[in-house]
Amino acid sequence: MPAIAPAPSPQARRVFPLAEVQTRLRRELEEAAEESEILHGGWQPVLDSLRMVTAIAVVEELFDFKLPPEKVVKKGGHKSIDEGVDYMTNRIREEWSKRN
């Protein structure tokens, strides 16, 4: 009798790498905030949108698709690291969900 492979269950779907995305973003944004303080002390936002676009690269390595900056980066930047990590994580998860 031939073996029949069971159909993959919904739980077998890939899981969004939340912890890794947040860790990579936090590390990158902490570095960006330090650079911003050195270069532009007191400048707001601490994390400008141009710098946020460069942070995408450290996260894109986790996926098999490009993250569109216009969908992931908030225009105007972020006032804090936590705000940036939360905002970008949510947008990255939305993009990931469209493909998985």
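**Entry 1, ground rules.** I kept in mind that this is a predicted model, in which local features need pLDDT of at least 70 and side-chain atom pairs count only at pLDDT 80 or more, while totals for chains, interfaces and linings use all residues. I also noted that residues are numbered from 1 along each chain as its sequence is written, and that side-chain values use heavy atoms, with hydrogens and water left out.

I looked up the elements and found four helices and zero strands in the protein chain, running α-α-α-α from the N terminus on; helices here are DSSP runs of H or I with at least four residues, strands are runs of E with at least two, and both are numbered from the N terminus. Of the 100 residues in the protein chain, 32% are buried, where buried means under 20% relative accessible area, exposed means over 50%, and partly exposed lies in between, using a 1.4 Å probe and protein chains only. I then turned to contacts, meaning heavy atoms within 4.5 Å, and saw that among those in the protein chain between residues at least 6 apart in sequence, 70% join residues at least 24 apart.

In H2 I listed Arg51, Met52, Ala55, Ile56, Val59 and Glu60 as buried, and the buried residues of H2 pack against H1, H3 and H4.

The contact is made on the H1 side by Val21, Arg24, Leu25, Glu28, Leu29, Glu31, Ala32 and Glu35, and on the H2 side by Arg51, Met52, Ala55, Val58 and Val59. Sorted by class, this contact has eight nonpolar, no polar and five charged residues.

I searched the whole structure and noted ten salt bridges, each being a side-chain nitrogen of Lys or Arg within 4 Å of a carboxyl oxygen of Asp or Glu. Glu20 forms one with Arg24, with the closest N and O atoms 2.7 Å apart, and both residues lie in helix H1, four residues apart, which is about one turn of the helix. Arg24 counts as buried because its relative accessibility is 17%, whereas Glu20, at 32%, counts as partly exposed. Arg24 also has a salt bridge with Glu61, the closest N and O atoms being 3.1 Å apart. Glu61 lies in the loop between H2 and helix H3 (69-72) and Arg24 in helix H1, so this pair ties together parts that are 37 residues apart in sequence. Glu61 counts as exposed, at 62% relative accessibility.

I next followed Arg51, whose side chain meets that of Glu35 in a salt bridge of 3.5 Å, N to O. Because Arg51 lies in helix H2 and Glu35 in helix H1, the pair ties together parts that are 16 residues apart in sequence. Arg51 is buried, with a relative accessible area of 17%, and Glu35 is partly exposed, with 34%. Salt bridges that share partners join Glu28, Glu31, Glu35 and Arg51 into one network.

Last, I looked at Lys71 in helix H3, which is partly exposed with a relative accessible area of 44%. Leaving aside neighbours within four places in sequence, Lys71 is in contact with Arg91, Glu95 and Lys98. The C-alpha atoms of Lys71 and Arg91 are separated by 6.8 Å, although these residues are 20 apart along the chain.

Notes. Ala, Val, Leu, Ile, Met, Phe, Trp, Tyr, Cys and Pro count as nonpolar, Asp, Glu, Lys and Arg as charged, and the others, Gly among them, as polar.
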